[in-house]
Amino acid sequence: MNDPMVSERVLREMLLKEWTECAGVLESRILRLEVNSRDGELMEEILETIRRVKRGSAYIGATGVTKIVHELESALRTLGDLGIRADAELIDLLLLAVEALGDGLRAFGDALDGRGPLAADGPFAPGTDAEAKWSEVACGLRAYFDRAHPGAPAAGGGANAAGGAAEMAGGKADVTGDAGAANGDANAADDADAANGDAVAADDADAANGDTVAAGGKANVTGDAGEADAGGGAGGFADGGAGGADAAGGPDRAESGESGNGRGQTDILARLPGGADGRPGTAADPARNAAQLSHHPQSIRVSQDKLDKMMNMISELLIAKNAFMHLSARLNVEYDLPELSKEVKEIGFSVNRITDELQNAIMSIRMVEIRTVFQKMPRIVRDVAQLTGKKMELAMAGETTEIDKTIVEQISDPLVHLIRNAADHGIEDAEERLRKGKREIGRIELRAYNKDKHVYIEIEDDGKGIDPEALKRKALERGLIQPDQADRMSGSQLVNLIFLPGFSTAGRITEVSGRGVGMDIVKSNIEKLGGAVFIDSEVDRGTKVVIRLPLTLAISRGLIVNVARESYIIPIEYISETVKIGRRDIHRFDGKFFAHHKGSVIGVEWLAKLFLLGDRDLDGKDEFHAVIISGGGEKFGIIVDKLLSEQEFVIKALHGRLAGIPGISGSTLLGDGQVVLIVNPLDLIRLAKNG
C-alpha cells in the first residue's frame with residue numbers, strides 16, 4: 001500500500017461499494033416518502049444519504065456521480081422548500097433518478113477497470129445510460145415543478161435544478177472533478193468547492209441552484225439551519241456542496257459512527273488520515289481521536305476471498321478434529337493403550353472446542369443482514385401495482401435476520417419472482433376484493449426469522465389463493481400428468497404441480513408474467529442452496545410460500561449410513577426421523593413400494609437399488625432401517641443397512657464426469673481418512689418416483 005496509486009484505487013473501490021449500498025437505501029426511502037411525504041426526518045435521512053455519496057464522489061473526482069447526486073439533492077430541496085406533497089408522478093421521477101445514479105455507479109466501476117470510454121469530463125464521466133435517464137428526469141422535474149408552482153421563483157429553482165442536469169447530459173460539466181479532487185487535495189473551502197462547482201454557504205448554494213431557502217428556515221425538512229453555518233464551518237470536500245449540515249457537523253458525526261443510512265455505518269472518508277475534508281488534523285486531534293476510538297467500535301473492510309480462504313482452512317481443521325476421536329478409539333481397541341487413548345481424547349476435546357469457536361467466529365463475520373435483499377421488494381410491488389392498476393401494500397419483518405453472504409447473493413432472484421407472483425397472480429383488483437368482502441387494498445407480507453439452525457423466509461398474501469382443480473386442468477391440458485395420476489393426487493400434491501417445469505398459470509404475456517420462467521426455476525435455485533420451498537394456499541384466503549435455507553453452505557451436519565458395505569452421508573436438514581419399518585408394513589403397487597407410517601402412507605425405496613449396489617432384500621429381514629426424508633412438502637423413506645453416527649462434514653464439490661451422478665451432491669473426508677459421498681435426498685425422491 002506504499003504506492004499512492006494503489007491506495008487511491010483501493011479507496012475508490014471501497015467508496016463504490018458504499019455508494020451502491022446508499023443507492024439501495026435511497027430507493028427504499030424514496031418509496032417511504034410516497035406514503036410519508038410530510039415526514040421531515042425521513043427527508044433529512046434521504047438528503048444525508050445523498051450527501052454521503054456526494055462527499056466521497058467530490059473527494060476522489062468521480063464527476064459523473066457527483067453531478068447526479070448534486071442535482072438530485074437540489075430537486076429534493078426544492079420539493080421541501082415549495083411544500084409539495086410527493087405524488088406518484090414525482091416518486092417515479094425520483095426513482096428514475098436513482099436508476100440513473102445506479103447507471104453512473106456502473107460507469108464508474110467500468111472506468112476503474114479500464115473499460116469506460118474517455119469522455120470530455122474525464123474517465124469518470126456519467127456514461128451514456130446515466131446521461132439519457134437523467135435527461136429524462138431533468139425534463140420531467142422541470143415540467144413537474146412548473147405545474148406545481150407556475151411563475152414562482154422556487155419553481156424556477158426546480159427547473160434550474162433540472163436544467164443543471166440537462167446541461168450535464170449535454171456535456172456542460174458543472175463539476176469539473178480536477179486533479180485536486182482526484183487526489184483529495186482540498187485546500188480552502190472556497191477553492192475546493194469552486195473547483196467542484198459546489199456552493200459553500202447556504203445563500204450561495206441556493207442562489208446557484210435557484211432555490212429560495214431561508215438560511216434558518218425549514219430545518220426540519222432540509223436541514224437548512226445547518227447550511228446557514230456552512231460558510232464558517234469546515235470546508236473542503238467535506239461538505240461536498242450539500243450544505244453546512246455536512247460541512248460543520250459532518251466530521252464529528254462521522255467520527256461518532258453515525259451515517260447517512262441511519263444504521264451506524266461509518267463513513268469511509270471519516271476514516272481517512274485527514275478526516276472527511278481530506279486535510280491534516282490539528283495537534284489536538286490525536287487526543288480527541290484516541291478518546292473517541294476508545295468509546296466506539298471500529299470496523300475494517302475485508303475481501304470476501306480472504307474470508308472464503310479462512311473458511312476453507314477451518315473446514316480442513318474440522319476434518320483433522322474428527323481424526324482425534326478416531327485415533328483415540330484405535331489406541332484403546334487395537335493397541336490396548338487406554339491411558340494414551342484418554343490423553344488423546346482430551347486433546348481432541350480441546351481442539352474440538354477451539355475449532356468450534358473459530359468456526360462460529362468466521363461464520364459470524366460472513367453473516368449479513370437479509371435487509372439488502374428485502375429493500376428491493378417495495379419497488380417491485382409498486383411497479384406491479386402501477387402496471388396492473390391494483391391497490392396493494394407490502395409489510396416486511398425480520399430484515400435484521402442474518403444469513404451467509406453467499407446465500408444472500410443467490411436468493412435475490414427467487415424472492416423477486418415470488419413477490420411478483422404474489423402481486424400479479426395473488427392480489428385481486430379492488431372491485432373483485434370488495435365483492436369478496438375484503439379490504440380494497442391487498443396485503444403482501446414478507447418475513448424472515450431463524451428457527452432450528454435455519455433461516456425461514458415467508459411470502460404471504462391475502463389474495464385469491466391457488467385453486468388445485470385449476471392447476472390440475474392446466475397440467476392435464478399440457479400433458480404434464482396423466483389422468484389416473486391426477487385422480488389420486490391430494491390437494492397439497494395438486495398445489496405442488498406449480499413446480500413442474502414449464503408450468504405457468506399466466507393467461508397472457510405481460511411485463512410481469514407469462515415469460516416462461518416458472519416456479520420450477522425458483523425451486524431448483526433454492527434447492528441448489530441446500531434449501532427447500534413449501535406452499536400453503538386456500539382459495540379466496542391467500543397463499544403462503546415458505547423458503548427454508550441453511551445458515552451457511554460451508555459446513556453441515558449429516559447422518560452416516562451404511563449400504564452394501566459402503567458409507568454415505570445424508571444431510572441432517574432433510575431428515576425428518578429415523579425409524580424401523582416392519583416387512584409386513586411394506587406393500588407393492590404398480591411397481592412402487594409404499595409403507596404405513598404414523599397413520600399415513602409414504603413411498604419407500606432401497607438406497608442400494610437406487611445406486612445400483614444390489615436388489616431389494618424383502619425376504620431377508622423382518623424389519624428395515626429407514627431414514628424418513630422430507631422435501632417439497634412430502635415425506636419419503638430411504639431404506640439402508642445400518643445407521644452409524646451423526647457428524648459434521650465439509651462438502652467438497654465433484655468435478656468432471658462425477659459431477660453429473662444423480663443422487664450425489666458432493667463428497668467429504670471422515671476422520672479415519674475415508675472418502676464418503678454425500679447424497680442429495682431430493683434427487684433420491686425423484687429417482688425413486690421415476691423408477
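Student: Is glutamate 409 buried, exposed or partly exposed?
Tutor: In this predicted model, glutamate 409 is partly exposed, since its relative accessible area is 47%.

Student: With which residue does glutamate 409 form a salt bridge?
Tutor: Its partner is lysine 405, and the closest N and O atoms of the pair are 2.4 Å apart. Both residues belong to helix H19 (residues 405-426), where they are four residues apart, about one turn of the helix. Lysine 405 is partly exposed as well, with a relative accessible area of 32%.

Student: How many salt bridges does the count come to?
Tutor: The count comes to 46 salt bridges.

Student: What about aspartate 404, which residue does it pair with?
Tutor: Aspartate 404 forms a salt bridge with arginine 366, with 3.0 Å between the closest N and O atoms. Aspartate 404 is part of strand S3 (residues 402-404) and arginine 366 part of helix H16 (residues 338-366), so this pair ties together parts that are 38 residues apart in sequence.

Student: And are aspartate 404 and arginine 366 buried or exposed?
Tutor: Both aspartate 404 and arginine 366 are buried.

Student: Which residue meets arginine 557 in a salt bridge?
Tutor: The side chain of arginine 557 meets that of glutamate 648, at 3.8 Å from N to O. This pair links distant parts of the chain, 91 residues apart: arginine 557 is in strand S8 (residues 555-563) and glutamate 648 in strand S16 (residues 642-650). Arginine 557 counts as partly exposed because its relative accessibility is 31%. Glutamate 648 counts as buried, at 15% relative accessibility, the cut-off for buried being under 20%.

Student: Let us turn to helix packing. At what angle do H4 and H5 pack?
Tutor: Helix H4 (residues 88-112) and helix H5 (residues 128-148) pack at an angle of about 155 degrees, and their axes are 9 Å apart. The two helices are therefore roughly antiparallel to each other, as angles over 145 degrees are classed that way. Their crossing is left-handed.

Student: Which residues make that contact?
Tutor: On the H4 side, the contact is made by Glu89, Leu90, Leu93, Leu96, Ala97, Glu99, Ala100, Asp103 and Gly104. On the H5 side, it is made by Asp129, Ala130, Lys133, Trp134, Glu136, Val137, Gly140, Leu141, Tyr144 and Arg147. By class, the contact of H4 with H5 has ten nonpolar, two polar and seven charged residues.

Student: And H3 with H5, are they roughly parallel or roughly antiparallel?
Tutor: Helix H3 (residues 63-82) and H5 pack at an angle of about 15 degrees, with 12 Å between their axes. H3 and H5 are therefore roughly parallel to each other. The crossing of H3 and H5 is left-handed. H3 contributes Ile68, Glu71, Leu72, Ala75, Thr78, Leu79 and Leu82 to the contact, and H5 contributes Ala130, Trp134, Leu141 and Phe145. By class, the contact of H3 with H5 has nine nonpolar, one polar and one charged residues.

Student: Where is alanine 148 found?
Tutor: Alanine 148 is found in helix H5, and its relative accessible area of 34% makes it partly exposed. Alanine 148 and leucine 79 are 69 residues apart in sequence, and their C-alpha atoms are 9.8 Å apart in space.

Student: Now the backbone. What is phi of aspartate 540?
Tutor: Aspartate 540 has a positive phi of about 65 degrees, although it is not a glycine. Aspartate 540 is placed in the loop between strand S6 (532-538) and strand S7 (542-550). It is partly exposed, with a relative accessible area of 35%.

Student: And phi of leucine 612, what is it near?
Tutor: Phi of leucine 612 is near 60 degrees, a positive value in a residue other than glycine. Leucine 612 lies in the loop between helix H25 (607-610) and strand S14 (623-631). Leucine 612 is exposed, with a relative accessible area of 77%.

Conventions: Residues are numbered from 1 along each chain as its sequence is written. This is a predicted model: local features need pLDDT of at least 70, side-chain atom pairs count only at pLDDT 80 or more; totals for chains, interfaces and linings use all residues. Side-chain values use heavy atoms; hydrogens and water are left out. Axes are lines fitted to C-alpha atoms, for helices over the stretch in contact, and angles run from 0 to 180 degrees between N-to-C directions. Angles under 35 degrees count as roughly parallel, over 145 as roughly antiparallel, 65 to 115 as roughly perpendicular and the rest as oblique. A crossing is left-handed if the near helix is turned anticlockwise from the far one by less than a right angle, and right-handed if clockwise. Contact means heavy atoms within 4.5 Å. Ala, Val, Leu, Ile, Met, Phe, Trp, Tyr, Cys and Pro count as nonpolar, Asp, Glu, Lys and Arg as charged, and the others, Gly among them, as polar. Buried means under 20% relative accessible area, exposed over 50%, partly exposed in between (1.4 Å probe, protein chains only). A salt bridge is a side-chain nitrogen of Lys or Arg within 4 Å of a carboxyl oxygen of Asp or Glu.
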